[in-house]
Amino acid sequence: MRRGVIRGLAAAWFAFGAGMASAEMPSFTRNVTTHVVIHELAHALIREFDLPVLGNEEVIADAFATLFIARVLPDRAEDIVKDRARSWWIEADGQEVDLQGEHPPDARRAYRAVCLLYGYDPAAYADLPAWAGLSDDDAAACADSAPEIARSWRRMLRSYVLPEGTGTREFRILYGDGPMELEMRQSGLMEELGALIARFDWHSRITLLFDHCDGGAVWSRSRRTIRLCDDYVARFNTQAGMPHPR
């Protein structure tokens with residue numbers, strides 16, 4: 001399915017009416033949105049703490065999102081990564097690959113997320129390679145590389161993580177007006193994500209903004225804001241009802 005068609009379906013979700021705002025957010029949407037926001041958290045950490053960037057920053061942020069979720073949300077990690085991979089596979093259907101773009105192809109991002117989660121704990125996620133169609137050799141390579149990447153992140157962020165049970169005051173959550181504002185407020189998802197962002201010892205205030213906009217999610221260094229567009233979340237709501245693409 002082409003991205004334009006998905007956007008059309010997302011617009012239809014909006015047109016269905018504000019009454020949907022009181023409906024429970026699909027678990028698929030919660031999971032994909034969680035991975036998306038933690039990806040943007042990686043960009044924020046890199047920029048605010050001047051962390052070294054020794055490769056494609058989008059690839060680095062994808063890896064952080066998967067491995068951070070595996071560490072702090074172990075009970076949900078498999079569902080989150082599977083749903084994020086599903087979303088990427090849906091996006092990849094009929095997609096023209098941009099070899100010059102900063103982001104890797106969506107199908108590649110899906111496989112890499114599965115690879116990293118499996119490699120992080122092969123015993124806990126033993127079924128993932130078969131689910132994603134990874135070969136035995138690929139699975140072995142994942143198990144070899146993922147722990148090193150996780151260890152590197154852990155060492156690099158050690159000085160910036162607050163003690164367990166505490167949180168920074170340099171953080172706030174904002175909502176823009178829009179047809180999904182009530183749904184997002186009632187879901188409690190922003191507060192869940194905010195608690196993860198607040199684990200770090202930010203030196204100035206960080207904002208998580210759920211806004212009425214047409215786009216995706218982005219970290220703004222000048223505003224120190226992770227901005228999540230409701231159009232993007234609406235696309236995930238639409239994808240939640242689609243069959244598994246594999």
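Which residues of H4 are buried? In this predicted model, local features need pLDDT of at least 70 and side-chain atom pairs count only at pLDDT 80 or more, while totals for chains, interfaces and linings use all residues. Residues are numbered from 1 along each chain as its sequence is written, and side-chain values use heavy atoms, leaving out hydrogens and water.

The buried residues of H4 are Ala77, Ile80, Val81, Asp83, Arg84, Ala85, Arg86, Ser87, Trp88, Trp89, Ile90 and Glu91 (buried means under 20% relative accessible area, exposed over 50%, partly exposed in between, with a 1.4 Å probe and protein chains only). Helix H4 is thus mostly covered, with twelve of its 16 residues buried. Helices here are DSSP runs of H or I with at least four residues, numbered from the N terminus. After H4 comes Gly94, with a positive phi near 80°.

A partner for H4 (residues 77-92) is helix H5 (residues 106-120): the two pack at an angle of about 165°, with axes 7 Å apart. Axes are lines fitted to C-alpha atoms over the stretch in contact, and angles run from 0 to 180 degrees between N-to-C directions. H4 and H5 are therefore roughly antiparallel to each other (angles under 35 degrees count as roughly parallel, over 145 as roughly antiparallel, 65 to 115 as roughly perpendicular and the rest as oblique). The contact (heavy atoms within 4.5 Å) includes Val81, Ala85 and Trp88 of H4 and Ala110, Val114 and Leu117 of H5.

Elsewhere, Glu181 lies in helix H8 (residues 181-187). Glu181 is buried, at a relative accessible area of 17%, and touches Tyr175, Gly176 and Phe210, leaving aside residues up to four places away in sequence.
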